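Biologist: Please show me the model, and then we can go through the packing and a few local features by question and answer.

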Amino acid sequence: MSELSTLPTTVVRPGDKRYPALCRGFNQRWIAAPEYVRLVRTPEEARAALAEAVREAPDDPGRARIAVRSGGHCYEDFVCGADVRAILDVSPMCGVSYDEAMKAYCVGAGATNGHVYSRLYPLTGKVLPGGSCFSVGLGGHIPAGGFGVLSRQHGLTVDYLYAVEAAVVDAEKNVRLVVARRDDPDPRLRQLWWAHTGGGGGNFGVATRFWFRGLPQPPERVLLTALAWDWEGFTEDDFGALVTAFGEYFRDHQDPSAAAGKLFAMLKLNHVGNGQLGLLAQVDADDPDGPRAMADFVTALGGRVRPPATKMRSVMGEHLVHLDIPRTMPWLTAARALNSGGDNRCGKHKSAYLRKPFSDRQIAAMWAYLGDGAGYAGPRALIQVDSYGGAVNRPLHPTAVRQRDSILKLQFQVYWAEQDPREDAHIGWIRDAYRAVFEETGGVPVADGERTDGCYIGYPDADLGDHRWNASGQSWETLYYKDAYPELQDAKRYWDPGEVFRHAQSIRPGTGE
């Protein structure tokens, strides 16, 4: 018997040296004080831990919530909240294997993107098209839909999800493990599978394992480019030309079978206090047209602005890539180069899907809030614009992800250190900037809009439920889930009737009428 299987202290309470580290995650803004953190090592252990937790009486009635932690990357306080009594940490369940009975690759819910890339690919040549941050846990990444650098070429992570195992709680607080398959004859189990293809994490149970079929192979080699433009000398016309060129390129290149359709890029629109604007781009170098596609893309952007591009010298959100010239390298080497894990910062995030390139009013608003005009100095504030679409917009199976015709995906970000006296100013900047960019639609990127299509549940934003910051008339439920929300509510009523799994933006069961 292994040492791991006999460890006696999987329950961590206050006073244990491990406790402070296990009560926080990626966003240091949120630090919990639960009665305990329980690390679960097997699906059965997760079931037993959940069964015990739901039958316990809280010491403090105001701190009664049970939360589940995988990689700890939740941007809001859904896991590390002040009202959390117990955290079930599934990170020890990080195995990656092939399940002969399922005819599928099995991944533990505690595995991270890094586990999958470093273990699955070397053994099989297969890849899950997930995010660039290696420390993100699949227990949260997959139910949100998941996307990454290979998604324009191969689609979302959930497009390959075949089955999910979860510990669920019935109305009498009985806990059982269930396996839900995409093709299960039981419609309720099919519904549970579907709810994990974009319904958000922490909603229906404790996910313990995921199975994937039909996983793609990444390119043997990719061409990686990292460029930057110095803010000094950059005019509003240059800014508008750069942002417009980026949007138009991805509007016009949406065929995932073409080299340009496989190309992925992140435009880092940093605040002027950072000193630079940045660009990261990757294309399939196995495609004979890949190098030409990259050259055309860089020309399409750089050819519209006066200042010459230079190398990236500063941290841009979660990335800093030292790359003097574009370089061809093995796919896994490039994935490691792009790995971003953050550096123990506090932060606030917002998201948006765009169906069309930015409007002139949106560009003007971004310029105003990224430049000196807003009276804010923040070197770690930015609007990141990711390329989107391609294979994402040609899903292999019906999923709960409803944003399937966008061309860009935005992430507004701002970071600061713990106990920064300017915390309110940082949060105020991102709220005001977001509201200004989407002023025409009530301060948020409305779903099914002419230019926008809502928000990404993987980047949760509690402000969407606050009328001070969302005057659109659309609820946060609509912004995240669109027309999928009623079916998700039905799944919630059936699979979590007691709302054991709840937080500020968890699925609300409703009445069913």
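Modeller: K173 is placed in the loop between β7 (161-169) and β8 (175-181). The model is predicted.

Biologist: Is K173 buried, partly exposed or exposed?

Modeller: Buried requires under 20% relative accessible area and exposed requires over 50%. K173 has 42% relative accessibility, so the residue counts as partly exposed.

Biologist: Where is K103, and what is its phi?

Modeller: K103 sits in the loop between β5 (96-99) and β6 (104-108). At 45% relative accessibility, K103 counts as partly exposed. Phi is positive here in a residue other than glycine, with a value near 55°.

Biologist: How are the axes of α11 and α12 oriented to each other?

Modeller: Helix α11 covers residues 360-370 and helix α12 covers residues 423-437. Their axes come within 8 Å and cross at roughly 160°. Angles over 145 degrees count as roughly antiparallel. The relation of α11 and α12 is therefore roughly antiparallel.

Biologist: Which hand does the crossing of α11 with α12 have, and how do the contact residues divide by type?

Modeller: The crossing in which α11 passes α12 is right-handed. From α11 the contact takes Q362, A365, M366, Y369 and L370, and from α12 it takes W429, D432, A433, A436 and V437. By type, the residues of this contact are 8 nonpolar, 1 polar and 1 charged.

Biologist: Which elements do the buried residues of α11 pack against?

Modeller: The buried residues in α11 are Q362, I363, A365, M366, W367 and L370. Among them, M366 and L370 also take part in the contact with α12. The buried set packs against α7, β11 (264-270), β15 (381-387) and α12.

Biologist: Which residues does L269 contact beyond its neighbours within four places in sequence?

Modeller: With sequence neighbours within four places set aside, the contacts of L269 are F239, V243, L277, M366, L370, A381, L382, I383 and V385.

Biologist: How are α3 and α10 oriented to each other?

Modeller: Helix α3 (residues 113-124) and helix α10 (residues 331-338) have axes that come within 11 Å and cross at roughly 180°. The two helices are therefore roughly antiparallel. Their contact joins Y117, S118, Y121 and P122 of α3 to W331, L332 and R336 of α10. These residues divide into 5 nonpolar, 1 polar and 1 charged.

Biologist: How far apart in space are S132 and L338, C-alpha to C-alpha?

Modeller: S132 is in the loop between α3 and α4 (138-141). With a relative accessible area of 17%, S132 is buried. S132 and L338 are 206 residues apart in sequence, and their C-alpha to C-alpha distance is 6.1 Å.

Biologist: Which residues does T10 touch, not counting those up to four places away in sequence?

Modeller: T10 lies in the segment before β1 (11-12). Its relative accessibility is 16%, so T10 counts as buried. Outside that sequence range, T10 touches V37, R38, L39 and R41.

Conventions: Residues are numbered from 1 along each chain as its sequence is written. This is a predicted model: local features need pLDDT of at least 70, side-chain atom pairs count only at pLDDT 80 or more; totals for chains, interfaces and linings use all residues. Side-chain values use heavy atoms; hydrogens and water are left out. Axes are lines fitted to C-alpha atoms, for helices over the stretch in contact, and angles run from 0 to 180 degrees between N-to-C directions. Helices (H or I, at least four residues) and strands (E, at least two) are DSSP runs, numbered from the N terminus. Angles under 35 degrees count as roughly parallel, over 145 as roughly antiparallel, 65 to 115 as roughly perpendicular and the rest as oblique. A crossing is left-handed if the near helix is turned anticlockwise from the far one by less than a right angle, and right-handed if clockwise. Contact means heavy atoms within 4.5 Å. Ala, Val, Leu, Ile, Met, Phe, Trp, Tyr, Cys and Pro count as nonpolar, Asp, Glu, Lys and Arg as charged, and the others, Gly among them, as polar. Buried means under 20% relative accessible area, exposed over 50%, partly exposed in between (1.4 Å probe, protein chains only).
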